[in-house]
Amino acid sequence: MFPIPEDNGIIKSNGSAKIEYISGLLALVPYNIIYSEDNMHIIIVGCGKVGRTLAERLSEENTDLTLIDTDEEKINSAIGEMDVMGIVGNGSSINTLEEAGIDSADILIAVTASDEVNLLCCLIAQKTGRCHTIARVRNPVYSKEIPFIKERLGISMIINPEYAAAQEISRLLRFPSAITIDTFAKGRIELLKFRVKPEFGLDGLSIIQMTDKLHCDILVCVVERNDSVFIPGGSFILRDNDLLSIIASPKMASQFFRKIGLKTNQVKNTMIVGGGKTAYYLASQLLAMNISVKIIEENKERCEQLSELLPKATIIQGDGTDRRLLTEEALAHAESFVTLTDLDEENIFLGLFVKTHTNAKVIAKVNRLSYDEIIDSLDIGSVIYPKYITSDSILQYVRAMKNSIGSNVETLYHILDNRAEALEFAIHDSPVVGIPLSELPLKKNLLLCCINRRGKIWIPRGHDTIEIGDTVVVVTTEKGLNDIRDILK
């Protein structure tokens with residue numbers, strides 16, 4: 001049985017609640033739920049890893065959240081730790097959705113383990129309410145049918161975590177020197193993170209001295225040093241082992257990395273351990289980029305499937321953690337190594353092993369998020385968190401819905417272990433338009449990184465202005481920016 005929350009903000013009601021059955025399952029249903037008029041009402045169906053991550057992030061976004069799941073224990077845990085309402089029931093049931101307040105909901109997000117259930121939830125939500133709908137769809141069978149599904153079912157957004165993770169990995173293999181790469185302005189702008197090493201000759205230089213020395217039009221947005229995060233000015237002194245996040249066009253980023261001695265060309269081959277959905281999507285993308293792909297998978301039946309789906313890839317049945325097998329399959333000659341097993345521990349330890357024995361670009365997939373700060377401190381290479389990628393995509397959509405007429409959030413990334421955000425705003429009309437940046441009262445710990453005006457990209461200076469039709473990239477440790485006006489004090 002559910003505990004009745006006591007004045008902790010989890011359930012906004014007049015204090016009366018009851019336990020009742022919905023579709024044969026117990027549910028906590030408060031009477032007279034009162035939602036804030038200023039908050040969006042969002043229903044999340046599915047309280048697994050993705051649903052839980054979304055709830056944690058959306059609960060910080062001035063939203064009223066209702067979680068639906070058939071697992072009573074998951075719902076109990078969620079309402080005990082977050083400011084949410086929980087219902088135990090079937091999210092594709094009309095009765096359950098009505099109890100969750102579908103009539104007043106702004107968005108329904110379906111992220112259960114079943115693609116079909118997610119699509120059905122969205123379809124029923126649209127028939128019974130007037131909300132936007134977002135579905136997680138993971139099956140490769142549907143991947144080529146996404147436009148048709150969205151159009152015919154009227155679903156606002158379809159997200160595939162495995163496909164999105166594969167896209168991020170392929171970006172990193174195109175530019176192996178970076179630890180992470182986030183893109184803006186449809187790929188015209190990149191935010192790249194890398195570690196400063198002694199051989200770069202940057203230790204002791206200020207940012208102004210570095211840019212003058214290298215003659216590259218890049219902007220250092222963030223510096224991570226030990227446990228501290230800085231949004232630096234031009235006089236900031238760089239040190240070896242700093243983690244630098246820079247923003248630049250792909251051309252300028254390549255020029256910068258070449259000048260400090262880092263590899264900029266995409267890898268020629270990759271070895272993937274684990275043959276799941278992410279491996280399939282990744283291999284498809286890499287083969288299209290003329291990158292040789294070798295996949296090691298333990299399950300014989302899955303190997304046969306991959307051989308049919310990916311005739312140009314080399315599929316090997318075996319244990320990807322077996323050192324002898326890795327040696328036999330020429331690990332020493334691999335330019336990149338991607339660990340995509342279902343076990344985070346295997347992915348991490350394999351990454352560490354390969355990193356210490358080869359010069360390959362290493363990328364590890366991690367699903368559990370509890371120890372991300374520890375994992376990020378390890379010298380693995382690049383770590384991919386599919387749950388973060390998914391939640392950022394959905395948060396971007398939510399922020400865009402909350403915007404005023406003045407601007408829209410086009411792109412959003414949580415960066416630096418969720419300690420900062422990088423956002424791209426499309427400017428329509430706003431009080432910031434036409435005023436020199438030097439005259440705008442900007443918030444602290446906020447940097448206007450670049451302006452995209454009809455495809456022309458540049459790093460803005462004090463005399464530059466923001467104009468209608470621009471897109472503007474902002475990096476800030478201030479959370480929750482919904483509109484370009486939010487950059488002002």
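# A friendly tour of a predicted protein chain

Leaving aside neighbours up to four places away in sequence, isoleucine 155 is in contact with Leu119, Cys122, Gln126, Thr133, Ile134, Ala135, Ile149 and Lys150. The protein chain has 14 helices and 24 strands, and buried residues make up 54% of its 489 residues. Among contacts between residues at least 6 apart in sequence, 60% join residues at least 24 apart.

**Isoleucine 155, a loop residue**

- You can find isoleucine 155 in the loop between helix 5 (146-153) and strand 8 (157-159).
- Is isoleucine 155 buried or exposed? Its relative accessible area is 4%, which is under the 20% cut-off, so isoleucine 155 counts as buried.
- Isoleucine 155 and leucine 119 are 36 residues apart along the chain, and their C-alpha atoms are separated by 8.3 Å.

**The nonpolar cores**

- In soluble globular proteins, nonpolar side chains tend to be buried together.
- The largest nonpolar core in this chain has 54 residues.
- Which residues have the most contacts inside that core? They are Phe194, Phe256, Phe257 and Ile260.
- Taking one of these, isoleucine 260 touches Phe194, Phe200, Leu202 and Leu214, once residues up to four places away in sequence are set aside.
- There is also a second, separate core of 44 residues, and Val50, Ile134, Val432 and Ile484 are included in it.

**Cysteine 449, a strand residue**

- Cysteine 449 sits in strand 22, which covers residues 446-453.
- The relative accessibility of cysteine 449 is 0%, so this residue counts as buried.
- Which residues does cysteine 449 touch, not counting those up to four places away in sequence? The contacts are Leu219, Cys221, Ile247, Ile459, Pro460, Val473 and Val475.
- Valine 472 is 23 residues from cysteine 449 along the chain, and the C-alpha atoms of the two are separated by 7.5 Å.

**Helix 1 with helix 14**

- Helix 1 (residues 49-58) and helix 14 (residues 386-402) have axes that come within 9 Å and cross at roughly 45 degrees.
- The crossing of helix 1 and helix 14 is right-handed.
- From helix 1, the residues Lys49, Val50, Thr53, Leu54, Arg57 and Leu58 meet Lys387, Tyr388, Thr390, Ser391, Asp392, Ile394, Leu395 and Val398 of helix 14.
- Sorted by class, the residues of this contact are seven nonpolar, three polar and four charged.

**Helix 6 with helix 9**

- The axes of helix 6 (residues 161-174) and helix 9 (residues 277-288) come within 8 Å, crossing at roughly 45 degrees.
- Helix 6 and helix 9 are therefore oblique to each other, and their crossing is right-handed.
- On the helix 6 side, Glu162, Tyr163, Ala165, Ala166, Gln167, Ile169, Ser170 and Leu173 take part, and they meet Lys277, Thr278, Tyr281, Leu282, Gln285 and Leu286 in helix 9.
- How many nonpolar, polar and charged residues does the contact of helix 6 with helix 9 have? There are eight nonpolar, four polar and two charged residues.

**Helix 6 with helix 14**

- Helix 6 and helix 14 pack at an angle of about 105 degrees, and their axes are 9 Å apart.
- That angle makes helix 6 roughly perpendicular to helix 14.
- Pro161, Ala164, Ala165 and Glu168 from helix 6 meet Pro386, Ile389 and Thr390 from helix 14.
- The contact of helix 6 with helix 14 has five nonpolar residues, one polar and one charged.

**Two asparagines with positive phi**

- Asparagine 241 has a phi near 80 degrees, a positive value in a residue other than glycine.
- Asparagine 241 lies in the loop that runs between strand 12 (228-230) and strand 13 (243-248).
- Asparagine 445 also has a positive phi, near 55 degrees, and again the residue is other than glycine.
- Where is asparagine 445 found? Look in the loop between strand 21 (420-427) and strand 22.
- With a relative accessibility of 49%, asparagine 445 counts as partly exposed.

Notes:
Residues numbered from 1 in each chain as written. Predicted model: local features only at pLDDT ≥ 70, side-chain atom pairs only at ≥ 80, totals over all residues. Heavy atoms only, no water. Core = buried A, V, L, I, M, F, W, Y, C linked by side-chain atoms within 4.5 Å. Buried < 20%, exposed > 50% of the residue type's maximum accessible area, 1.4 Å probe, protein only. Contact = heavy atoms within 4.5 Å. Axes fitted to C-alpha atoms, helices over the stretch in contact; angles between N-to-C directions. Helix = DSSP H or I, 4+ residues; strand = E, 2+ residues; numbered from the N terminus. Left-handed = near helix turned anticlockwise from the far one by under 90°. Nonpolar A, V, L, I, M, F, W, Y, C, P; charged D, E, K, R; others polar. Parallel < 35°, antiparallel > 145°, perpendicular 65-115°, else oblique.
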